[in-house]
Amino acid sequence: MRRQIRTALAMTIALIILTGVLYPLAVTVIGTVAFQERAAGSLVSAHGHVVGSALLGQSFSDQAGKPLPQYFQPRPSAAGAGYDGLASGASNLGPANPKLLDAVAQRVKAYRAFNGVGDGTPVPVDAVTASGSGLDPHITVANARLQARRVADNRHLALPLVLSLIDRHTQGRQLGFLGEKVVNVLELNLDLDRQG
Amino acid sequence: MTAAGWAQFAAVIVLILVSTPVLGAYLAKVYGDHRAPGDRVFLPVERLIYRATGVNETGEQRWDVYALSLLAFSFVSVLVLYAQIRLQGHLPFNPDHLKGVTPALSFNTAVSFLTNTNWQNYSGESTMSHLTQMTGLAFHNFVSAAAGAAVAVALIRGLVRNKTGTLGNFWVDLTRTCTRVLLPMSFAFALVLMSQGVIQNVHATRTVATVAGSQQSIPGGPIASQEAIKEIGQNGGGPYNANSAHPFENPNPITNVLQIWLLLAIPFALTFAFGRMAKDQGQGWAVFAAMFVLWLVMTSLIMPLETRGSPKLGALGASQQVTATQSGGNMEGKEARFGAAGCGLFASSTTGTSTGAVNCAHDSLTPLGGAVPLVNIMLGEVSPGGTGSGLYGMLVFALMSVFIAGLMVGRTPEYLGKKVQSAEMKLVVLYILFVPVVILGFAGASLLLKHALSSLGNPGPHGLSEVTYAFTSQANNNGSAFGGLSGNTLWYNTTGAVAMLVGRFFLMIPVLAIAGSLGRKQAVPASAGTFPTATPLFTALLTSVVLIVVGLTYFPVVSLGPVVEHLAGHF
């Protein structure tokens, strides 16, 4: 038995060096050299400052938490107070939980009012449900188009221009069939800001 | 469901059908007695390890010595991990100055990674330092998978060798699985992941001023290296709380499909290696087919259930229809880039294996959609299971199947020519009984304890599903969760750790004992009365045994949880 424990200890150390030190180190070195920008987090800059990551959603609300009408709004987020990069996660509410149903009912109402669409208008489901990560960088095209008029009005831009920006930041299915068609909210909003 | 959704499903099927024979043939050589590809590269590294650790490369072990080595290694490595988690505040590579973790949570986490479960009662981004992630958790991701493979290979040797007392050498099987299978695959896949945007650095968390003028924290970490082995070894423990839903872990649909394929690849391939080592490829395909059919059926159920959406959300004015401009479906807890289809495909695969990574919140699946991962785990994760644990689980059910077939015609059952007698059957029954006793016992006790009930995140039948899922996932070493349950309490940390230990070692040791007992026997030639086990009929019998013998154990609790929720909630 004592020999087994000794071998076990030596094997633990040997395999920690191999799989826990050398392996991640090699991957990190190659990442830094070959995929520098991506390995660092696909950071996005505006006016010379890093403003976020192209892969992570962020809030477009004022200090009081009210959504800013001149920006496209991301999905509801369960990460901390919303899009908290240190608290990724979902609401974990069950499909029949009254808390979920109340929240969705209230979001549907708020979405219609905020975007000035009629009471009967169906609201795209992604706009009223929280994502799995709480950091979802995307919304659906349907959601973006419903927000376009509000954004255009608040920025005094022509609606066709805003719609064409949505098209520019729409990512189709990869290889034609993988995943879903989505719009990157941060990149779209940054492009809007560049329109002046 | 859309055509693209089905095409995505078909793509994973094609990848599996291609990789199973290719990877399987390679695995058979790795665990065989002759030269293997890459010897020139791998042998020097392995010999260095054997020399440093005092392992006799050619020394064969009896089943009990093999088991003892497994236990010694598990005991020492779990202590090292526990110490690391407790002491991480005093160790380097901790740029965010995270403190050591409490004793109960450290115990649960150490056991969780030791047993290949990766149940997480914590959020990675705010709890574990980069050093803990790399030298603690990722190391266990490798060796827990390798130990599982070792046990499966020992069982194969017991089945195919004749009149021998020995089953190979645990240390050699452990080392070779790491150096020749897990490390090369992980390395290659980590590079692919980085090319798609998965991060890999040892930065501290970076705080940036956002476009709207507030602040956001952007975490760092050695994620790509972790992510690769997380799927390849069916570990599933995410460096971030949101796991494979997090864009830094799983940035786009290509990485999503690759992750799904990788978590299925080795478990399916091991069936081919089994056929190769048994010198009867049909035996391998028969086992493969049983696993494959279960996975296929469960996946075909959950994908449409989720893309169809939730009638409750529809009634509130949310549009869940599939149109040209939106993917629709039940989107609570799901990422827009994967959609409901990409979530269902992942959920069924991660629970048919022992992975437990998630790319959407299982707690928010529709009632019957959520029943799919729950039932997948309850069946013992044999569709296709974890590295090694899937194959040895299915082979134990194969012994059960030939036994039942033997009872029907009144003959002593045989499997691969080995007579299956009372000694083996007793161990098979132990294997099958341990896990349900632990799951139903602990889940039942939790329902009677007030403080345990206060951890539930959802009311009604969904709460029952939540607590059942927690113990089912831990006892079967899966690690996925109905995440609403707050598990970081003394009760759940401790009972969960016990469930994980039972689900790992109380299954592995009977398996090794069965292997030892079968290895001592001489295979008898097949006669007219032998029940052939390389046929579709056997696959059908095996699948039915899994569904009836195991599935029925949980029928009452599945009825009271997801089924009641579905019917009472008018879904």
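Trainee: Where is S42(A) placed in chain A?
Mentor: S42(A) sits in the loop between α2 (36-39) and β1 (43-46) of chain A. Keep in mind that this is a predicted model.

Trainee: Why is S42(A) called buried?
Mentor: The relative accessible area of S42(A) is 11%, and buried means under 20%, so S42(A) counts as buried. Its phi deserves a look as well: the angle is near 45°, a positive value in a residue other than glycine.

Trainee: What about K163(B), is that residue buried or exposed, and how do you know?
Mentor: K163(B) comes out at 61% relative accessibility. The cut-off for exposed is over 50%, so K163(B) goes down as exposed. K163(B) lies in the loop between α6 (130-160) and α7 (170-195) of chain B, and its phi is near 45°, again positive in a residue other than glycine.

Trainee: Which residues does a cis peptide bond join?
Mentor: S383(B) and P384(B), with omega at about 0°. P384(B) is in the loop between α13 and α14 (389-409) of chain B.

Trainee: Now the cysteines. What makes C343(B) and C360(B) a disulfide?
Mentor: Their S to S distance is 2.1 Å. The rule asks for a pair of cysteine sulfur atoms within 2.5 Å, so C343(B) and C360(B) qualify. By that rule the count over all chains comes to 1 disulfide. The link of C343(B) and C360(B) is right-handed, with 50° about the S-S bond.

Trainee: Which parts does the pair C343(B) and C360(B) tie together?
Mentor: C343(B) belongs to helix α12 (residues 339-352) of chain B, while C360(B) is in the loop between α12 and α13 (367-378), so the bond ties together parts that are 17 residues apart in sequence.

Trainee: How many residues does each chain put into the contact of B with A?
Mentor: Chain B gives 111 residues and chain A gives 99. About 8200 Å² is buried between the two chains, and carbon and sulfur atoms account for 68% of that area. In chain B, V211(B), T325(B) and E332(B) lose the most area to chain A, together 8% of what that side buries.

Trainee: Last one: what makes A8(A) buried?
Mentor: A8(A) has 0% relative accessibility, which is under the 20% limit. A8(A) is in helix α1 (residues 2-34) of chain A. Leaving out residues up to four places away in sequence, A8(A) touches A72(B), F73(B), V76(B) and W171(B).

Conventions:
Residues are numbered from 1 along each chain as its sequence is written. Chains are lettered from A and ligands numbered from 1 in the order in which they are written. This is a predicted model: local features need pLDDT of at least 70, side-chain atom pairs count only at pLDDT 80 or more; totals for chains, interfaces and linings use all residues. Side-chain values use heavy atoms; hydrogens and water are left out. Helices (H or I, at least four residues) and strands (E, at least two) are DSSP runs, numbered from the N terminus. Contact means heavy atoms within 4.5 Å. Buried area is the accessible area (1.4 Å probe) that two parts lose on being put together, summed over both. Buried means under 20% relative accessible area, exposed over 50%, partly exposed in between (1.4 Å probe, protein chains only).
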